[in-house]
Amino acid sequence: MYRIRIVSAFVGRWFAVIVLAAGALALAVPDAFSGLTVAIPWLLAVIMLGMGMTLRPVDFAIIARRPWALLLGVAVQFFVMPLLGFGIAVALGLSPMLTAGMILVGSVPGGTASNVMVYLSKGDTALSVAMTSVSTLLAPVLTPLLVLVLVGESLPVNAGALFVSIVQIVLVPVVLGLVLRMIVPRLVERFLDVLPLLSVAGITVVVAAVIAASASTLLSIGVLVVVAVILHNSLGLTLGYYIGRLFGLPVASRRALSFEVGMQNSGLAAALAVAHFNPVAALPAAIFSVWHNVSGSVLASYWARKDLSSDEVSESLPVTTRAGSDR
C-alpha cells in the first residue's frame, strides 16, 4: 500500500501533464482513440462510485451547522457557471454545439478535485466537501433543467433523457459507494489509496476519446475554445470568491466557494455531451478538465502561502482520502 500511495501522490501531482499528454497523442493519432467514446459513461460511473466510497455521513453534518453558507455556495454554482458558459459562448460566436458544451460544463456539479484544492489552500474543506456532495445529488434535476432553458432554443434537448443519464452515471454510483462505505468500511478503506489512480486513468481516457473524436474541429477552432474555457474557469473562480465576500463569509469559506464555483465535474459534462449531442460538444469539457487543474493548483499554491488569522478560518476536514477528482 505504501507504493500505491507514492504512485497516487505522483499521479495526482502531475495529473494535468498526464491528461495534456494523452490529449496531444489523441490529436496526433485520432484513429487510435476515437472508438473509446462508448466507454465514457462507464468510466464516469466508476469514478463516481469512487467518490461515493470516500463519503461518510459526517460529511453532511455541516448542512445542519451552517446551512446558509452551503445553500449560498450551491446556489452560486448553479447560477453563475451556466450563465457564464452561455454568455462567453455567445460573446465569442461559438457554434451551437460548442455553446451547448460550454453550458453543460457550467451546469454540472462541482468536481472532487476542488476539495483537494481547498484543502491545499487552507480553505474551509468541510464546506467544500458538503458543497460537492450536495450539488452532485441535485444534479439529476438541476443540470437537465438548466441545459433545457439555455440550450433548448438552438438545439433539441431531451431533459428526461439527461435526467436518466445523470441518475445512472452519478446518483446511483455515488449512493452505492456511500452505502458500501457504511456497510463494509474496512474493506472499502483498503481500496481508498487506489481510487485516485482510477480517477486519473478514467478522466485521461475520457479526454483522449473526446479529442480524438473531434480532432478536426479542435484543429480548426482550437484557440477560440481554449480562450472560452480559460475565461469560464477564471471568472468562476473570481466571482465565487467575491460573492462569498459580498455575503460576509470568512476568508477560508470564500476560498472554498471560489474553487467549488470555478472547478466543475468536466468528466460528467463530456459524458453527457457525447451521449446527448456529439463529441464536438464535449470539447469544452475536455479542455476544461486539463485547465482547471492547472489554474486550481496555481491558486491553491498562492493562497497556501498566505496565513489566515483566527477569525478567517472556518472548520475544516482533511481530504487525504478523497477519490482524486472528476476531475
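Leaving aside its neighbours within four places in sequence, which residues is His-232 in contact with? Before I answer, a word on the model. It is predicted, so local features need pLDDT of at least 70 and side-chain atom pairs count only at pLDDT 80 or more, while totals for chains, interfaces and linings use all residues. Residues are numbered from 1 along each chain as its sequence is written, and side-chain values use heavy atoms, with hydrogens and water left out.

To the question, then. With those neighbours set aside, His-232 is in contact (heavy atoms within 4.5 Å) with Met-81, Leu-84, Gly-85, Ile-88, Met-102, Val-105, Gly-106 and Phe-288. His-232 has 0% relative accessibility and therefore counts as buried, a term that means under 20% relative accessible area with a 1.4 Å probe, protein chains only.

His-232 lies in helix α12; helices here are DSSP runs of H or I, at least four residues, numbered from the N terminus. The axes of α12 (residues 215-246) and α5 (residues 67-91) come within 10 Å and cross at roughly 150°. The axes are lines fitted to C-alpha atoms over the stretch in contact, with angles from 0 to 180 degrees between N-to-C directions. That crossing makes α5 roughly antiparallel to α12, the term for angles over 145 degrees.

On the α5 side, the residues that meet α12 include Leu-72, Val-76 and Val-80. Their partners in α12 include Ala-228, Leu-231 and His-232. The residues of this contact divide into 11 nonpolar, 3 polar and no charged; Ala, Val, Leu, Ile, Met, Phe, Trp, Tyr, Cys and Pro count as nonpolar, Asp, Glu, Lys and Arg as charged, and the others, Gly among them, as polar.

Key:
Helix = DSSP H or I, 4+ residues; strand = E, 2+ residues; numbered from the N terminus. Parallel < 35°, antiparallel > 145°, perpendicular 65-115°, else oblique. Buried < 20%, exposed > 50% of the residue type's maximum accessible area, 1.4 Å probe, protein only.
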